[in-house]
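Look at the sequence and the model together. The report below walks through helices, salt bridges and a few loop residues.

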Amino acid sequence: MSADKGKEPAIHAGDEAKASDALAMVARQPVYNPAMAVVAYELLYRESSSALKAMVTDARRATLRVIANAALEIGLDRLAGGLPVHINFPRELLVAGDNLLPVQPDRVVIQVLDDMPAAQDVLESLRALRTRGHRIAIGDFSSRQSDRALLEVADIVKVALSREQASDLATTVHALIRRGITQIAEEVETIEQFERCMELGFDGFQGGFL
């Protein structure tokens, strides 16, 4: 993910029950449509307490629980103004059997990164979440490096411009369109990249230029 994602305002919430008095910091990056209207936010999470990281054995899972509870405490309306939010889910949480977090399926898009192995248990969990009403987004996608099996359960694919060959970009976008998958250009850092992605027909955009 691009480093500019911290540019959106951060929102803080204490989560005493889950994080031993640690402070959860919630940041957000907007997703724009071709008309330059914000249509969603990706929520980003950091744990400000180094002590908490030292105490837990599964930092990614603990951090995700912090953001889930912070989102509930702060409220999705305050975080995103009624728009959908994208939240990254680590593999450990998806396959743990307790992935029915108290989040609204119509508001929360489950996002996984492309380096997550498309193992059978992962695919089954993502299908179950789709059945529950969640949309599934694949982040940091690259046509040459990503496991295409993830596309079987994807509603949204975020194409990482830094990882995609310029010669592959048009083919990648058209292939996703044929599958009926929403395509979002990630890491749009220049006006030239933005204009090129507009020409190719991307549905959405994220990045420093925006």
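Just after helix α7, G180 takes a positive phi of about 75°. Helices here are DSSP runs of H or I with at least four residues, strands are runs of E with at least two, and both are numbered from the N terminus. This is a predicted model, in which local features need pLDDT of at least 70, side-chain atom pairs count only at pLDDT 80 or more, and totals for chains, interfaces and linings use all residues. Residues are numbered from 1 along each chain as its sequence is written, and side-chain values use heavy atoms, with hydrogens and water left out.

## Helix α7

Which residues of α7 are buried? They are L169, T172, V173 and L176. They cover an arc of only 95° around the axis, which puts them on the same side of α7. The arc is taken from the directions that run from the helix axis to the C-beta atoms. Buried means under 20% relative accessible area, exposed means over 50%, and partly exposed lies in between (1.4 Å probe, protein chains only).

The face of α7 turned away from the buried side carries the exposed residues T171 and R178. Cover for the buried residues of α7 includes β6, β7, β8 and α8. Contact, here and below, means heavy atoms within 4.5 Å.

## Helix α6

Helix α6 covers residues 120-132. At 1.5 Å a residue, its 13 residues should span 18 Å, and its end C-alpha atoms are 18 Å apart, which agrees. The expected span is 1.5 Å times one less than the number of residues.

The buried residues of α6 are V122, L123, S125, L126 and L129. Their arc is only 160° around the axis, which puts them on the same side of α6. An α-helix has 3.6 residues a turn, so residues three or four places apart point the same way. Among the elements that cover the buried residues of α6 are α5 (91-94), β5 (108-113) and β6 (136-141). After α6 comes G133, whose phi is positive, near 120°.

## Salt bridges

Side chains of opposite charge can pair when their charged atoms come close. A salt bridge is counted when a side-chain nitrogen of Lys or Arg is within 4 Å of a carboxyl oxygen of Asp or Glu. How many salt bridges does a search of the whole structure find? It finds 7. The table includes three of them.

| Pair | N to O distance |
|---|---|
| R91 and D121 | 3.0 Å |
| D168 and R144 | 2.5 Å |
| E199 and R196 | 3.9 Å |

Take R91 and D121, which meet in a salt bridge. R91 lies in helix α5 and D121 in helix α6, so the pair ties together parts that are 30 residues apart in sequence. R91 is partly exposed, with a relative accessible area of 29%. D121 is also partly exposed, at 32%.

Now take D168 and R144, a second salt bridge. This pair links distant parts of the chain, 24 residues apart. D168 sits in the loop between β7 (156-160) and α7 (169-179), and R144 in the loop between β6 and β7. Leaving aside neighbours within four places in sequence, D168 is in contact with S143 and R144.

E199 is exposed, with a relative accessible area of 63%. R196 counts as partly exposed, at 37%.

Most residues other than glycine have a negative phi, and most peptide bonds are trans. M36 has a positive phi, near 65°. M36 is placed in the loop between β2 (23-32) and β3 (38-47). With a relative accessible area of 39%, M36 is partly exposed.

E187 also has a positive phi, near 60°. Its place is the loop between β8 (182-186) and α8. At 13% relative accessibility, E187 counts as buried.

## The whole protein

The secondary structure comes to 8 helices and 9 strands. Of the 210 residues, 50% count as buried. Among contacts with a separation of 6 or more, 59% come from residues 24 or more positions apart. The accessible surface comes to about 9,700 Å², and 50% of that belongs to carbon and sulfur atoms. Accessible areas come from the Shrake-Rupley method with a 1.4 Å probe; for residues, only the protein chains shown count as cover.
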